[in-house]
Amino acid sequence: MNHLRHVKIAGTGMYVPPKKIDNKDLESLMDTSDEWIRQRSGIESRYHIEGAVGTSDLAVEAAKNALKAAQMSAQDLDLVIFATLSPDHQFPGSSAILQAKLNLDTVPSMDIKCQCSGFLYAMNVGKLFISSGQYEKVLVVGAEAHSPVLDMTTEGRDVSVLFGDGAGAVILEASDSESRVLDFALHSQGEFADKLWLEKPGTAGGNWINETDYKERRHFPYMEGRYVFKHAVTRLVEVVNETLELNQLKVDDIDHFLFHQANLRINEKVAATMGIPSEKIHSNIMKYGNCSAASIPMLLDECVRNEKIKTGDKVFMGAFGAGFTWAGGVFVW
Ligand code: ACO
C-alpha cells in the first residue's frame, strides 16, 4: 500500500484505578479459587473502579500520560479516537466525553466498538487520517470499565474473574524517521456474535430490556469459553501470518509480540504453533486481567517504559475478541 507519508507512535501511556482485586478476594464473593483462575487464565489480580469513576476517567489519565511522553499538550491534538466496549453512556460516545475532559474545544472525536480488537482498528483509522494528510496528531485510546457489568456471584464466575478495568493510549503523528506504523490486517465474523456478548439492554427484539431478559441474565456478559478459545488460537495464528506477509516480514524479523491479554494459555498456544521464542512474547494479564480494548496499549506502554522495546525494534500486535473480530499490526519503534 502506498501512503503519502509515514506515521509513528510519538508517546504511550496507561492507567489503572487504585482498587486492586486479588484472586483470593474473589473467593469471598463466589465459588472460585486462586488456583482455578491462575491455571485456566494466568490471571493473579485485576483492578476495579470505585465511586463515581467511569471509563472516560481512566482514559483521560492514560491520555495525559501519553501526551507527556510525546512532549505534547492536549491542545496539539487534531482528532480523538476512543476504542471501548464499556462506554460511559449509550450515547454520546466516550470519545466526546474524553474530548471535553481534555478541555478540547471543537476537535473531532469518534468511538470504535470492536471489543478486544478495538485498539488495533482504532490505530489503523488514526494512522490513515495522518498518512492521508488530513490530520497531524491523533490520540488513540483503549479504555474499559468492565467491573460495573460483571456478575460477581458464582453464577457469573466463568466471565467475571477474567476481566479488569484499565486504559492505554498512544499519540500518533507524521514521521520522517525509520520509526513508523506499518500496515494492519483487520477481520470480523458477525455470525459468531452470540458466542461472546452482552445482549441487553439493546434494541434487538423490539424492546430495550424487560423482565424476562433480567430473569435470563441477558444483562450480564455471556461467553462460550472453550468455543472462543479455539477460534482465538486459530485466528491469531492466521492474522500473524497475514500481517507479516502484508509487510513482507517473517516471524524472525519481529523483536516483540504484543498479543491481546485474554488468556495466557491462548498466547502460549499461538507461540508454540508458530515457533515464537517465549522471550519475544510479553504479558501483563497476571496483574491486570483482560482489559479488552485497553490491553494492548497498556502492555505496549509497560514495554516502552521498562525499556524492553528499543529504538528500531519491530513490534507485532495481535488481538481477537467478541464479534468475532480479530486484527494484526506492526510498527517500528
Ligand atoms: N472458578 C471455578 N470454577 C469455574 C469458574 C471459576 N471462576 N468458572 C467456571 N468454572 C467451572 C465450570 O463451571 C466448569 O465446571 P464443570 O466442569 O463442573 O462444568 C469448569 O470450571 C470448567 O469450565 P470451562 O469453561 O470448561 O473452563 P475452560 O478450561 O474452558 O476455561 C476460560 C475457561 C478461561 C474462560 C477459557 O475458555 C478461555 O480463556 N476462553 C477464551 C477467552 C477469550 O479469549 N475471550 C476473548 C476475548 S474477550 C472479549 O472480546 C470481550
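Modeller: Domain 1 (6–176) and domain 2 (181–332) each give at least three residues to the shell around the ligand; the bounds of these domains come from an automatic or database domain assignment. Please keep in mind that this is a predicted model, where local features need pLDDT of at least 70, side-chain atom pairs count only at pLDDT 80 or more, and totals for chains, interfaces and linings use all residues. Residues are numbered from 1 along each chain as its sequence is written, and side-chain values use heavy atoms, with hydrogens and water left out.

Now to the shell itself. Of its 26 residues, Thr32, Cys116, Arg226, Asn263 and Ala322 come nearest to the ligand; a residue counts as near if one of its heavy atoms lies within 4 Å of the molecule. By class, the shell has 14 nonpolar, 7 polar and 5 charged residues. Here Ala, Val, Leu, Ile, Met, Phe, Trp, Tyr, Cys and Pro count as nonpolar, Asp, Glu, Lys and Arg as charged, and the others, Gly among them, as polar.

Next, look at some atom pairs. In Asn263, a polar side-chain atom lies 2.5 Å from an oxygen atom of the ligand. For Thr32, a polar side-chain atom is 2.6 Å from a nitrogen atom of the ligand. The side chain of Trp36 has an N or O atom 3.1 Å from a ligand oxygen atom. Such pairs are polar contacts, meaning N or O atoms within 3.5 Å of each other. On its own the ligand has 1000 Å² of accessible area, and the protein covers 74% of that; these areas come from the Shrake-Rupley method with a 1.4 Å probe.

Where does the ligand sit? Its place is the second largest pocket. A pocket is found on a 1 Å grid over the protein atoms alone, as an open set of points with protein on both sides within 12 Å along at least five of seven lines. A molecule sits there if more than half of its atoms lie within 2 Å of the grid points.

The elements that give two or more residues to the shell are α2 (34–41), α6 (157–160), α8 (225–246) and β13 (314–321). Among these, α8 gives the most, with 4 residues. Helices (H or I, at least four residues) and strands (E, at least two) are DSSP runs, numbered from the N terminus.

Definitions and conventions
A polar contact is a pair of N or O atoms within 3.5 Å; within protein, one must be able to donate a hydrogen and the other to accept it, and residues adjacent in sequence count only if both atoms are side-chain atoms. On a 1 Å grid over the protein atoms alone, a cavity is a set of points where a 1.4 Å probe fits but cannot get out, and a pocket is an open set with protein on both sides within 12 Å along at least five of seven lines; lining residues have an atom within 4 Å of a point.
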